[in-house]
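Please find below some brief remarks on the model shown here. They are set out as numbered points for discussion.

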Amino acid sequence: MRKKPPGKLVSKTAHQVEREYRVIHALEKTDVPVPKAYCLCEDSTVVGTPFYIMEFLDGRIIEDPTIPDVTPAERNEMLVPPFCQFENGC
């Protein structure tokens, strides 16, 4: 489940889970690797905020954007193939 964090948001455009759901759901029909998005609930009375349910995938959670434990070659391998999907190949 992906939902907005509790409390006041820093920006109106931050954590727009409705937008995230629509993008992930649209990308399911492409070769871009995304989890399956099952459903979106915009009713805040259910869990206190809008949320969506998506498939769980094994992977890496990157908390530091500099990715210090990854070599430049590994970083290139992580980032280039998915972005190539948007550009019709590299």
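1. In this predicted model, the largest nonpolar core consists of five residues: Val17, Tyr21, Ile24, Ala37 and Tyr52. Helix 1, which spans residues 17-27, supplies the largest share of this core, namely three residues. In soluble globular proteins, nonpolar side chains tend to be buried together.

2. When its neighbours within four places in sequence are set aside, the contacts of Tyr21 are Ala37, Tyr38, Cys39, Leu40 and Tyr52.

3. Strand 2 (residues 37-41) pairs with strand 3 in the antiparallel sense, over four bridges. Within this pairing, Leu40 is placed opposite Tyr52 of strand 3. Both Leu40 and Tyr52 are also in contact with Tyr21.

4. Strand 3 (residues 51-54) has a further antiparallel pairing, with strand 1 (residues 2-3), and two bridges join them. Here Lys3 is found opposite Phe51 of strand 3. In a regular strand, side chains alternate between the two faces of the sheet.

5. Is Met1 buried or exposed? Its relative accessible area is 57%, and Met1 is therefore classed as exposed, since the cut-off for that class is over 50%.

Note on methods:
Residues are numbered from 1 along each chain as its sequence is written. This is a predicted model: local features need pLDDT of at least 70, side-chain atom pairs count only at pLDDT 80 or more; totals for chains, interfaces and linings use all residues. Side-chain values use heavy atoms; hydrogens and water are left out. Two strands pair if DSSP finds at least two bridges between them. A nonpolar core is a set of buried Ala, Val, Leu, Ile, Met, Phe, Trp, Tyr and Cys residues joined through side-chain atoms within 4.5 Å. Buried means under 20% relative accessible area, exposed over 50%, partly exposed in between (1.4 Å probe, protein chains only). Contact means heavy atoms within 4.5 Å.
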